[in-house]
Amino acid sequence: MAGRGFLVDAVDPCHAMVEATRGRAAEAGVQSRIITATGDVHALPFPDQSFSLVVALGVLPWLPEIGKPIREIARVLRPGGHVIVSVDSLWQVRQALDPLRSPLLWWPKRIVRRLLQLKYTAGGLARPTSIRAFRRALRGADFNELRGTAIGFGPLTFFDQEILPRSAGLCPASAPLGPNGMIE
């Protein structure tokens, strides 16, 4: 975006990622158009209505809850602005085909875990969300959906073992958002 003449504020909670962004900006000769900062999507370090465009690709899938981050994105978005976000859908093909991840088996797995008194934690794994929960979070931030798009399906796994290479799939489900958070 900086290469196309836009001014960019890049925020990441990981200092190493902020440094990597600075390095890439310098390599591309656009460091004067990019301001980097360590920050958190739960409490963005910007005033209300600061941006015409907010891009959060590969952010929401890693968060335990998406409602507050979406409201925070809405807070920093100017009226008539645009948002582009991505989420991993709970019902995506790569989830449904793997017995360890399939939403169809969620209740049986929960019962077995309770019977065995096992605790399941996702750790550093991406957390898929249902499209219904994603839309509910959007409405909670006063966004209105115009259109959503799902792209990609990989990597495909079976019992957490990849059965097709990552290159066979594309990106996780995404939904670009437009004015007042409307999906375009």
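Student: Which residues does Ser50 touch, not counting residues up to four places away in sequence?
Tutor: Happy to start there, keeping in mind that this is a predicted model. Ser50 sits in the loop that links E2 with E3. Contact here means heavy atoms within 4.5 Å. With residues up to four places away left out, the partners of Ser50 are Val76 and Arg78.

Student: How far apart in space are Ser50 and Leu77, C-alpha to C-alpha?
Tutor: Along the sequence, Ser50 and Leu77 are separated by 27 residues. In space, their C-alpha to C-alpha distance is 6.0 Å.

Student: Is Ser50 buried or exposed?
Tutor: The relative accessible area of Ser50 is 17%. Buried means under 20%, so Ser50 counts as buried.

Student: Where is Asp142 found, and is it buried or exposed?
Tutor: Asp142 also has a positive phi, about 65 degrees, without being a glycine. Its place is the loop running between helix H5 (131–140) and strand E5 (157–158). The cut-off for exposed is over 50%, and with 65% relative accessibility Asp142 is exposed.

Student: In which sense do strands E1 and E2 pair, and what is the handedness of the crossover?
Tutor: Five bridges join strand E1 (residues 8–12) to E2, and the pairing is parallel. One of the pairs is Val8 with Ile34 of E2. The chain passes from E1 through helix H1 (residues 15–28) to E2, a β-α-β crossover that is right-handed.

Student: How are H2 and H5 oriented to each other?
Tutor: The axes of helix H2 (residues 67–76) and H5 come within 8 Å and cross at roughly 40 degrees. Angles under 35 degrees would count as roughly parallel, and 65 to 115 as roughly perpendicular. The H2 and H5 pair is therefore oblique.

Student: What is the handedness of that crossing, and which residues make the contact?
Tutor: H2 and H5 cross in the right-handed sense. From H2, the contact involves Gly67, Ile70 and Arg71. From H5, the residues are Phe134, Ala137, Leu138 and Gly140.

Notes. Residues are numbered from 1 along each chain as its sequence is written. This is a predicted model: local features need pLDDT of at least 70, side-chain atom pairs count only at pLDDT 80 or more; totals for chains, interfaces and linings use all residues. Side-chain values use heavy atoms; hydrogens and water are left out. Helices (H or I, at least four residues) and strands (E, at least two) are DSSP runs, numbered from the N terminus. Buried means under 20% relative accessible area, exposed over 50%, partly exposed in between (1.4 Å probe, protein chains only). Two strands pair if DSSP finds at least two bridges between them. A crossover is right-handed if, with the strands pointing away from the viewer, the path from the first strand over the helix to the second runs clockwise. Axes are lines fitted to C-alpha atoms, for helices over the stretch in contact, and angles run from 0 to 180 degrees between N-to-C directions. Angles under 35 degrees count as roughly parallel, over 145 as roughly antiparallel, 65 to 115 as roughly perpendicular and the rest as oblique. A crossing is left-handed if the near helix is turned anticlockwise from the far one by less than a right angle, and right-handed if clockwise.
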